Amino acid sequence: MEEVKEAKYYVTMFDFTPDVSHLEQMSQVLRYVRVVGNVSEITERFIDFFTVSDKTGVALSDEILKKIEQEGLDLKNCRGQSYDNGANMAGKYQGVQSRISESNPSAKFVPCAAHTLNLDGVNAATAVDEVAGREAVTVVHKHLDKIVEALNHLALDAVSSPETKSGVVSLLKSIQTFEFVAFTSFSQKTLKKIDIASKMLQKEDIAIDVACNLLKGLTAQIKDCRGTIVNEVLEEAKQSCLDPSFKEARKRKRFFD
C-alpha cells in the first residue's frame, strides 16, 4: 500500500463472486504508476478479498468507499474506476460508478472490456437456442451431418423409449431447418472473431490503448465482412436444407374489449 501512496494517483478495480461457502467475496485490485529510478511502469496489485452481503449499488459503493478510507487512500487521488457491466456496478444513476463519481468526478469509469465483449458474444449466441458458446457452435456447425445421422439412428433404435424417440424427432425437425443452419453458421463465423479478441483482452499486461484499438479493429472487421458472411451463410443453408427460406413468425390475434 505504501507504493500506491507514494505514486499518489491510482485506479481502483472491484469485482465480486460467490465462494464455495456461497458468500459473496469482493476482490480489490489497484492500478498505479510505479517509478523506479528513471523508469515508470504501470503496476497492478491485488489487495485482498472481503465479504459483502448486500449487492445493491448503494451498499457496494459504501463498502468500497469504506475500504479505500481504511487503507488510508485519498479518494480525491483516484483517477479511474473499473467494474463489470452489471446495473449495480455500472448503472448511470444508482450504480457504484455513479455514486463514486459524485464524490470524485476525476474518477472516470471504464467498464471491463473483456466482460463487455463476453456479453456481446453471449447475446449473439442466443440466436441459436440449442448451443451456447463458441466451442459448442463450432462443433454443431462442423459435425451437423453426423449429429443428424446419430439422431436418426437413435430414433429408429428399437431399444429407445417412446419419450426418447419423440424428443429426438422433435430435435431433428429443429436442427434441419433453414433458420437453424443459417444462424449456427453465422454465429460460428462471428463468434470466432469475437473469441480471439476476448482472449487478448484478458491478458494481464494489455494496455488500455491496445484494448481500445483491438475493439475498434474488431468492430471494423465485422462491419467490413458483414455482407460476405451473410452471403456465405445463406448459400450454405440453401445447400443443406430442402426448404431454403425463413419462416414468418405467426402473429397472435389481439382481442380488444
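Among contacts in the protein chain between residues at least 6 apart in sequence, what percentage join residues at least 24 apart? The figure is 62%, where a contact means heavy atoms within 4.5 Å. This is a predicted model, in which local features need pLDDT of at least 70, side-chain atom pairs count only at pLDDT 80 or more, and totals for chains, interfaces and linings use all residues. Residues are numbered from 1 along each chain as its sequence is written, and side-chain values use heavy atoms, with hydrogens and water left out.

**Overall composition**

- The protein chain contains 11 helices and 5 strands; helices (H or I, at least four residues) and strands (E, at least two) are DSSP runs numbered from the N terminus.
- Of the 257 residues in the protein chain, 33% are buried. Buried means under 20% relative accessible area, exposed means over 50%, and partly exposed lies in between (1.4 Å probe, protein chains only).

**Packing of helix 7 with helix 8**

- Two packed helices are described by the angle between their axes and the distance between the axes.
- Helix 7 (residues 144-156) and helix 8 (residues 162-175) have axes that come within 9 Å and cross at roughly 150°. Axes are lines fitted to C-alpha atoms, for helices over the stretch in contact, and angles run from 0 to 180 degrees between N-to-C directions.
- Helix 7 and helix 8 are therefore roughly antiparallel to each other. Angles under 35 degrees count as roughly parallel, over 145 as roughly antiparallel, 65 to 115 as roughly perpendicular and the rest as oblique.
- The crossing of helix 7 past helix 8 is left-handed. A crossing has this hand if the near helix is turned anticlockwise from the far one by less than a right angle, and is right-handed if clockwise.
- On the helix 7 side, the contact involves Leu 144, Ile 147, Val 148, Leu 151, Asn 152, Leu 154 and Ala 155. These meet Thr 164, Lys 165, Val 168, Leu 171, Leu 172 and Ile 175 in helix 8.
- By class, this contact has 10 nonpolar, 2 polar and 1 charged residues. Ala, Val, Leu, Ile, Met, Phe, Trp, Tyr, Cys and Pro count as nonpolar, Asp, Glu, Lys and Arg as charged, and the others, Gly among them, as polar.

**Packing of helix 9 with helix 10**

- Helix 9 and helix 10 (residues 208-224) pack at an angle of about 180°, and their axes are 10 Å apart. Helix 9 is therefore roughly antiparallel to helix 10.
- Lys 193, Ile 194, Ala 197, Met 200 and Leu 201 in helix 9 meet Ala 211, Leu 214, Leu 215, Leu 218, Gln 221 and Ile 222 in helix 10. The contact of helix 9 with helix 10 has 9 nonpolar, 1 polar and 1 charged residues.
- Helix 9 (residues 178-201) also holds Thr 184, a buried residue with a relative accessible area of 3%. Computed along the sequence is not the whole picture here: Thr 184 and Ala 136 are 48 residues apart in sequence and 9.9 Å apart in space, C-alpha to C-alpha.

**Salt bridges**

- A search of the whole structure finds 8 salt bridges, each defined as a side-chain nitrogen of Lys or Arg within 4 Å of a carboxyl oxygen of Asp or Glu.
- Asp 48 and Lys 67 form one through their side chains, at 3.1 Å from N to O. Asp 48 is in strand 3 (residues 39-52) and Lys 67 is in helix 2 (residues 57-70), so the pair ties together parts that are 19 residues apart in sequence.
- Asp 48 is partly exposed at 25% relative accessibility, whereas Lys 67 is buried at 10%.
- Lys 67 also forms a salt bridge with Glu 71, with the closest N and O atoms 2.5 Å apart. Both Glu 71 and Lys 67 are buried.
- Arg 99 and Asp 62 form a salt bridge at 4.0 Å, N to O. Arg 99 lies in helix 4 (residues 96-103) and Asp 62 in helix 2, so this pair ties together parts that are 37 residues apart in sequence.
- Glu 3, Arg 34, Glu 41 and Arg 45 are linked in a network of salt bridges.

**Loop residues**

- Asn 104, in the loop between helix 4 and strand 5 (108-109), is buried at 5% relative accessibility. Not counting residues up to four places away in sequence, Asn 104 touches Leu 75, Lys 76, Cys 78 and Arg 79.
- Lys 8, in the loop between helix 1 (2-7) and strand 1 (10-18), has a positive phi of about 80° although it is not a glycine. Lys 8 is partly exposed, at 42% relative accessibility.
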